Amino acid sequence: MDWNSWLPVFIVLSSLLPGLLIFSLAEHRFALRTTLNLGGVLVKLLLVAWMWQGVKAGEDYYFELPFLPGGSFILHGDALSLQFVLLSSVLWLVTTLYAIGYLEGSPLRSRFFGYFSLCVSATVGLALSGNLISFVLFYELLTLATFPLVVHRGTVESLRAGRRYLAYTISGGVVLMLGAALLHSLTGSPVFMPGGYLSPLLAEHSGLLMLAFVLLITGLGVKAALLPLHGWLPEAMVAPAPVSALLHAVAVVKAGAFGIVRVVYDVFGVDVMQQLDLTWPLVMLASATILYGSWRALQQQDLKRRLAYSTVSQVSYVTLGVAMLGPVAAVGGLVHLVHQGVMKITLFFCAGNFAETLGIHKIRELNGVGRRMPLSSIAFTLGACGMIGLPATAGMISKWYLASGALDAGYPLVLLVLLTSSALNAMYFLPVIYRIWCLPAGDWPAPKQLSRRFETHWMLLLPPVITAVLIVLMGLLAGTDLSPLSWSKLIVEREFSYD
Amino acid sequence: MNFALAAVLLPLLAAVLALCWRRQAARLVWLSTLFSLLLALAALWQVVTFGPASMQLGGWQTGLAIRWQLNELSALLLLMTALIHSLVASYSLSQWRDAGLSADFWPLSALLQSALSSLFLSVDLFNWYVTLELLGLAAVALVLLSGKKALQAAMRYLLLSLAASLCYLLGVALLYGHYGWLDVPQLAVAISEEPVDHRLALWLITAGLMLKAALWPLHVWLPAAHAAAPAPVSALLSALVVKGPLFMLYMIWSQLAGPELAVTGSWLFLLTGSMALVVGGWSALRTPYAKVMVAYSTVAQLGYGLLALGLMLHLTDPAFTQALFIFVLAHALAKTSTFLAVGEMQLRLGGKRLSTFRGASQTMPLAMFAVAVAGGSLIGLPPSGGFVAKWQLLLPLWQHSQLWWLLPVILAGTLLSAAYIFRLVVLAFNRAKPVRPDFAPALLPQWLALLPALLVWMLAFASGSLLSWLGG
């Protein structure tokens with residue numbers, strides 16, 4: 001057996017199998033469930049690390065299974081897929097820790113962690129998908145695996161949000177499938193390749209290619225929360241905090257953004273995109289989403305809703321960077337895929353901590369939290385600074401590359417969009433930080449003592465502290481070999497070096 | 001061929017034995033379904049290895065004898081029949097005392113299997129009539145097992161079924177009167193040699209079969225009958241019984257209609273199929289009763305069959321034949337699972353309305369999971385069998401821009417099916433009221449309901465061989 005070709009399969013299975021086992025566990029088997037959860041994460045991280053060094057050395061990991069005529073089921077580990085796999089595995093580790101602490105003593109934990117693992121398996125499978133068909137498969141599975149998490153609480157609001165989530169994502173999935181079927185009927189579904197595989201069709205079928213592009217981007221835009229399709233995201237806030245964290249940072253919105261990256265670079269390719277004139281509309285759409293999301297975030301009084309609209313805006317940076325088609329902008333977009341994930345998950349962890357420990361949901365209730373919960377507040381502050389793009393944080397690296405990429409690719413107006421958005425980011429985050437640190441403690445709705453030593457339960461505290469440290473490290477050590485930035489440069493080198 | 005013959009005769013024998021020896025009826029029929037499953041597998045293996053075969057029953061020469069034909073398609077349908085029957089029989093065996101299922105179920109279901117299997121193997125208009133009649137009578141009797149409350153639905157089913165048979169018989173008589181053949185391939189040759197106007201005969205046959213298969217707009221009897229029957233019976237009716245006449249429609253139209261008539265017929269099928277998808281889906285979404293919803297979903301799903309049949313006639317592309325029969329297969333598995341799981345939950349949770357299922361994801365997670373997974377195939381999510389069928393249907397469509405209007409129809413059908421499936425699923429995720437502490441539904445029936453759903457969910461990975469068998 002060729003181990004290299006099985007490695008992507010094992011990476012998917014390392015969370016799928018524990019997930020299936022967890023479903024069958026009785027509610028009270030806390031230790032076994034935790035062992036399975038963490039064991040799965042650790043195995044996955046080891047396998048991913050192995051693949052990471054292999055891909056870096058130019059190794060190819062390719063698994064193929066007969067599926068449909070003209071398109072096999074392919075798992076393929078390349079530099080781009082690894083970016084997303086790494087992000088989701090690392091963030092899965094911290095989110096699992098957080099979720100164990102968060103759900104302690106609540107009912108239906110086996111079901112929760114079962115679907116949680118399925119959700120990560122679908123995300124990783126989606127990242128490793130080697131062609132459009134496999135991608136569509138995991139995209140749909142992801143919808144199904146996340147739905148039970150969104151409605152986990154089973155209350156009227158969460159069910160309403162769940163229905164809305166399904167209405168959006170299932171429709172989006174169907175549209176994506178139509179687009180994939182259209183392309184499949186033209187060329188089959190070959191493996192993703194840098195530069196795309198559609199240029200031979202350009203002369204004859206340019207109309208159909210445009211239609212396919214619109215269908216694919218619409219289908220992916222639902223999950224990526226592009227402008228008219230973002231309605232489900234703020235509603236889905238009723239989910240438990242670890243789910244929101246996962247949804248916003250890794251699983252769902254990122255799946256959409258990652259899909260857009262794949263479609264632009266590896267299905268259509270830069271040349272076809274330019275010849276079909278598809279760049280402008282996508283850049284416009286992304287810019288509009290960025291501004292609209294920031295604007296709406298400014299109006300929200302609920303902390304999680306403000307963060308949700310901020311996600312709408314921030315995820316579109318990825319689309320923007322990719323749509324401009326220049327290598328520098330691409331680095332910015334790709335690195336933001338990771339940076340946004342780490343920053344947003346920190347913010348959601350902290351919001352969850354405030355809600356769990358002090359019962360805080362509204363922004364005006366945050367007064368003086370900094371002294372009661374200093375570590376969470378520091379983490380929150382770092383995440384917010386990153387989002388604004390202040391120096392020495394990860395966010396600044398993304399914005400720097402996006403801005404210089406915009407100039408490089410000939411989109412000076414995008415610079416204006418970035419500046420406006422950063423200003424809006426500052427406008428909706430700085431007042432929050434001001435309340436946390438500078439105002440005297442107010443009346444917190446429901447203060448609880450979750451730990452004698454720390455400000456809150458250690459399992460809730462550790463994850464945001466880790467990710468906050470990561471934000472700073474990714475900002476300071478961006479120049480080193482291990483940083484997401486240098487990996488993004490590697491991806492761009494490989495994506496743009498075809499002929 | 002011998003294996004296939006045995007797969008037909010074994011259930012017949014079991015039916016007779018079960019009538020004589022009622023105390024062991026359940027076990028006898030259950031064993032016979034398992035063995036006929038093995039026989040059907042052997043028949044498929046035989047076809048794949050040695051190629052198609054045919055046989056003349058009774059040793060008469062062609063034209064007088066009843067001809068049976070075993071090819072990849074009929075072997076696959078035979079296997080489907082045996083598989084669904086063995087699944088349903090296993091479920092009923094684990095369950096029939098609790099469910100109050102009468103012992104008459106066993107001989108009747110065995111008779112049903114025998115009739116349907118021989119229908120799939122026949123290529124003879126009169127033999128089809130006989131098997132169709134048997135199938136209809138057994139089905140009506142099975143619906144009646146529910147007792148008095150099913151009387152009205154069963155009577156309606158019976159009357160319409162008889163009317164349909166008459167219609168069909170009249171058409172057959174017209175054809176026989178003119179050409180003197182009942183054997184379909186011979187008749188096809190005769191028609192091509194002497195093309196007189198056989199339109200009336202074909203339309204009569206079509207009307208009869210559409211009524212039998214509950215194809216829109218002749219579906220009126222189906223929701224009541226399928227909803228009133230006991231759960232295992234509903235599963236058999238929805239998964240298998242309506243597929244018999246659908247198969248005959250395919251055979252008759254693809255072989256006996258000339259190219260010109262085929263195009264006219266294709267319009268009928270395309271239009272009724274589109275309407276079935278949309279109207280059936282809408283009715284499924286509106287009904288407050290769980291089993292009625294599943295029954296309407298059958299009406300809607302048969303719309304895909306009609307579309308595939310219409311497109312096959314319209315564009316003569318073998319991809320649509322593949323789509324038609326993969327759809328038949330996927331729907332059979334998915335519907336078995338749905339009906340068994342819904343029936344099981346109704347039985348344990350006590351209630352017919354959708355609101356019964358509130359919180360079912362906690363009280364009966366396995367059965368609910370079965371509904372959701374099977375629902376994925378009904379919607380057409382990858383990698384399920386429903387997805388493969390829909391994919392085969394969609395792909396060639398992109399090349400034929402004159403039929404673009406089918407795309408929104410299929411899209412609407414997909415979204416409607418997603419809506420009614422998830423309507424149930426969302427209800428199930430409602431936090432349940434605490435149940436009695438002694439509420440511990442048996443797990444085996446739930447697993448048996450889940451099994452076909454898991455099979456259909458993985459069907460795409462077997463699509464390579466399926467497509468090549470159906471490729472023609």
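Q: Which residues is A:Gly389 in contact with, leaving aside its neighbours within four places in sequence?
A: Two residues are in contact if their C-beta atoms, placed from the backbone, lie within 7 Å. With neighbours within four places in sequence set aside, A:Gly389 is in contact with A:Gly395, A:Met396, A:Lys399 and A:Ser422. This is a predicted model, in which local features need pLDDT of at least 70 and side-chain atom pairs count only at pLDDT 80 or more, while totals for chains, interfaces and linings use all residues. Residues are numbered from 1 along each chain as its sequence is written, and chains are lettered from A and ligands numbered from 1 in the order in which they are written.

Q: Where is A:Gly389 placed in chain A, and is A:Gly389 buried or exposed?
A: A:Gly389 sits in the loop between helix 15 (374-388) and helix 16 (394-409) of chain A; helices (H or I, at least four residues) and strands (E, at least two) are DSSP runs, numbered from the N terminus. A residue is buried if 20 or more other C-beta atoms lie within 10 Å of its own, exposed if 12 or fewer, and partly exposed in between, with C-beta atoms placed from the backbone. A:Gly389 has 22 other C-beta atoms within 10 Å, so it is buried. The C-alpha atom of A:Gly389 is 8.9 Å from that of A:Ala426, 37 residues away along the chain.

Q: What do chain A and chain B each give to their contact?
A: Each side is read as a list of residues. Chain A gives 25 residues to the contact and chain B gives 25 residues. On the chain A side, strand 1 (61-68), helix 5 (132-150) and helix 6 (156-187) give two or more residues, and helix 6 of chain A gives the most, with 11 residues. The chain A side divides into 17 nonpolar, 6 polar and 2 charged residues. Here Ala, Val, Leu, Ile, Met, Phe, Trp, Tyr, Cys and Pro count as nonpolar, Asp, Glu, Lys and Arg as charged, and the others, Gly among them, as polar.

Q: Which domains does the assignment give for chain B?
A: Domain bounds come from an automatic or database domain assignment. For chain B that assignment gives domain 1 (1-121) and domain 2 (123-470). The centres of these two domains of chain B, taken over C-alpha atoms, are 20 Å apart. Their contact takes 34 residues from domain 1 and 38 residues from domain 2 of chain B. Strand 2 (66-70), helix 3 (72-99) and helix 4 (105-121) of chain B each supply at least two residues of the domain 1 side. Helix 3 of chain B gives the most to that side, with 16 residues. The domain 1 side divides into 19 nonpolar, 11 polar and 4 charged residues.

Q: How many helices and strands does chain B have?
A: Chain B has 20 helices and 2 strands. Its radius of gyration (over C-alpha atoms) is 21 Å, close to the 23 Å that the globule rule (2.2 Å times the number of residues to the power 0.38) gives for 472 residues, so chain B is as compact as a globular protein of that length. Of the 472 residues in chain B, 60% are buried.

Q: Which residues of helix 1 of chain B are buried?
A: B:Phe3, B:Ala4, B:Ala7, B:Val8, B:Leu10, B:Pro11, B:Ala14, B:Ala15 and B:Ala18 are buried in helix 1 of chain B.
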